[in-house]
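Biologist: I have a model open here. Can we walk through a few of its residues?

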Amino acid sequence: MREETETIRTYYNANPRKEWDRLMKKHPYEKYITVHVMDRYIQPGCSILDIGGGPGHYSIHYAKQGHPVTLLDLSDENVRFAKKKARQYGVKITALQGNALDLSRFPDESFDTVFLMGPLYHLMNEESRIRAIQEAKRVLKPDGYLFSSFILMFGGVIYGLRELEETILMPREQQYFEVAAKDESLAFDAFTYSYMTTVRDAEQLLASVPGLKTETVFGQESILAPYKNELAKQPKKIRMAWYDYALRFCEKREYLTHTEHLMIVSKKDS
């Protein structure tokens with residue numbers, strides 16, 4: 001576990017701007033769709049803990065709306081980058097280095113809203129994934145909302161077909177394609193230590209933690225992930241029209257395999 005943690009920390013320390021640019025330039029529709037759904041549940045002025053908040057996209061977005069936000073991330077460089085970006089945007093956030101598996105610095109029921117939008121990608125065993133959710137639930141106030149993100153197993157197939165078509169012929173990639181075809185989840189060494197899941201397994205994971213009720217499940221890219229490169233060529237007016245149209249599909253179960261990232265919104269029992 002320690003080796004995995006240090007490998008993941010090193011990966012994200014190497015280039016915090018990469019994730020910032022991913023949502024800002026390469027996958028802006030992911031953030032657009034995600035915040036549209038999240039805004040149904042996040043009340044004005046509520047306190048937010050952003051666990052695994054990376055370089056601060058979502059923390060800064062909600063700080064700009066007047067929310068008191070605390071970002072916690074494994075990567076020291078992500079924390080520094082988030083603080084820098086917050087200053088550039090003229091907002092205040094509290095940014096701390098820490099691990100999603102240990103939130104002992106925070107008292108029980110200390111936040112109105114909790115984001116868990118990164119750690120579940122990298123926790124390689126189910127015990128750790130459950131522990132991260134339990135810790136997030138512990139610091140969440142009754143009737144508060146937990147937003148948990150996952151990378152979908154089929155999302156890797158979309159990525160391969162869209163960006164690296166030749167991977168379908170590579171012997172070392174065949175295990176991955178076979179697992180995806182069987183609709184199974186897999187923890188393996190991808191871009192770094194990674195856990196990629198099915199919709200079914202993600203839902204079962206949240207359901208295994210008592211005291212959380214699923215409010216909705218949606219694709220954070222909706223139907224747009226396969227068409228990233230084509231969308232990028234279009235004028236802004238056309239892109240935005242497709243973003244808005246995609247909102248109509250993001251929660252439809254039959255379209256969830258069009259996405260790379262899945263989010264489950266859960267409410268804590270009162």
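Modeller: Start with a lysine: the backbone oxygen of Lys-137 lies 2.9 Å from a polar atom of the Lys-268 side chain. This is a predicted model, where local features need pLDDT of at least 70, side-chain atom pairs count only at pLDDT 80 or more, and totals for chains, interfaces and linings use all residues. Residues are numbered from 1 along each chain as its sequence is written, and side-chain values use heavy atoms, with hydrogens and water left out.

Biologist: Which side chain of opposite charge is nearest to Lys-268?

Modeller: Lys-268 sits in strand β9, residues 261–268. Lys-268 is buried (under 20% relative accessible area, 1.4 Å probe, protein chains only). It has no salt bridge, which would take a side-chain nitrogen of Lys or Arg within 4 Å of a carboxyl oxygen of Asp or Glu. At 4.1 Å, the nearest side chain of opposite charge is Glu-109.

Biologist: What is the relative accessible area of Leu-206?

Modeller: Leu-206 belongs to helix α9, residues 199–207. Beyond its neighbours within four places in sequence, its contacts (heavy atoms within 4.5 Å) include Ile-133, Phe-150 and Ile-264. Leu-206 counts as buried because its relative accessible area is 1%.

Technical notes:
Helix = DSSP H or I, 4+ residues; strand = E, 2+ residues; numbered from the N terminus. Buried < 20%, exposed > 50% of the residue type's maximum accessible area, 1.4 Å probe, protein only. Lys, Arg positive; Asp, Glu negative; His and termini not counted. Polar contact = N/O pair within 3.5 Å; in protein donor to acceptor, adjacent residues only side chain to side chain.
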